[in-house]
Amino acid sequence: MPMKLLPIFLIFISLYAYAGEDCIFDESAYLKFINKYSTENRNSKIESDGKTLKVKRKNEKIVVKGGGCIHLGVAIELKAKNTYTEEQFLQKTLNLAIEFGSWLINTCALEDSIEKGKYHKIDSAYFIEVDAMTVFSASYDNHGKINVDFYIN
């Protein structure tokens, strides 16, 4: 009887091992970044999930979430008491990406694209060119909220 279960056990182990290899990216770079950031910035803390960084400063609240397996990325949400013009929004988007995403994406290419107007606005979302590996989008509203999302393939 035990020998009859051996093939099933081997298939199960093989599937488990294969599933572990499906991840292309290792989240450890993101985790190292938020740990270092929270150590160096007293106005920040890592939430109990271990992946969410919260930052409070003057009139801003920033939430950063990151990680991934097939795509490694970051979502940044900023809430502030002020509103932004398009130019101010694009500058703040760049600043947020540099502060919370330079460990992952080419922020110099992002800055160049913003300066040269290499972006497309679809509805309220701005899709900004960075490089062939990066998908970058940002949006804002008239209530002081900015969302920045990017990931690499």
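Buried here means a relative accessible area under 20%, and the legends that follow describe a predicted model.

**View 1. Confidence along the chain of the predicted model.** The protein chain has an average pLDDT of 88, and 86% of the residues score at least 70. Over residues 1-20, by contrast, pLDDT stays under 50, and for this stretch the model has zero contacts beyond four places in sequence.

View 2. Eight strands with antiparallel pairing form an open sheet, in the order β1-β2-β3-β4-β8-β7-β6-β5. Because β1 (44-46) and β5 (119-122) stand at the edges, each with a single partner strand, one side of each has no neighbour in the sheet. On average, and with direction ignored, neighbouring strands of this sheet are turned by 15 degrees against each other.

**View 3. The pairing of β5 with β6.** Strand β6 (residues 125-128) runs antiparallel to β5, and four bridges join the two strands. Within this pairing, Tyr119 has Ile128 of β6 as its bridge partner.

**View 4. Two helices packed on the sheet.** Helix α2 (residues 28-40) packs on the sheet and touches β1, β2 (52-57), β3 (60-68) and β4 (72-80), while its direction makes about 30 degrees with that of β2. Helix α4 (residues 107-116) also packs on the sheet, where the strands touched are β5, β6 and β7 (134-140), and the direction of α4 makes about 120 degrees with that of β6.

**View 5. Helix α3 and its buried residues.** The 16 residues of helix α3 (residues 86-101) reach 21 Å from the first C-alpha to the last, which is close to the 22 Å expected at 1.5 Å a residue. Buried in α3 are Phe89, Leu90, Lys92, Thr93, Leu94, Leu96, Ala97, Phe100 and Gly101. An α-helix has 3.6 residues a turn, so residues three or four places apart point the same way.

**View 6. The packing of α3 against α4.** The two helices, α3 and α4, pack at an angle of about 175 degrees, and their axes are 10 Å apart. Since angles over 145 degrees count as roughly antiparallel, α3 is roughly antiparallel to α4. From α3, the residues Leu90, Leu94, Ala97 and Ile98 meet Thr107, Leu110, Glu111 and Ile114 of α4.

**View 7. The surroundings of Thr107.** Thr107 lies in helix α4, and because its relative accessible area is 13%, Thr107 is buried. When residues up to four places away in sequence are not counted, Thr107 touches Leu94, Ala97, Ile98 and Ser102.

Note on methods:
Residues numbered from 1 in each chain as written. Predicted model: local features only at pLDDT ≥ 70, side-chain atom pairs only at ≥ 80, totals over all residues. Heavy atoms only, no water. Pairing = 2+ DSSP bridges. Axes fitted to C-alpha atoms, helices over the stretch in contact; angles between N-to-C directions. Contact = heavy atoms within 4.5 Å. Expected span 1.5 Å × (residues − 1). Buried < 20%, exposed > 50% of the residue type's maximum accessible area, 1.4 Å probe, protein only. pLDDT = per-residue confidence, 0-100. Parallel < 35°, antiparallel > 145°, perpendicular 65-115°, else oblique.
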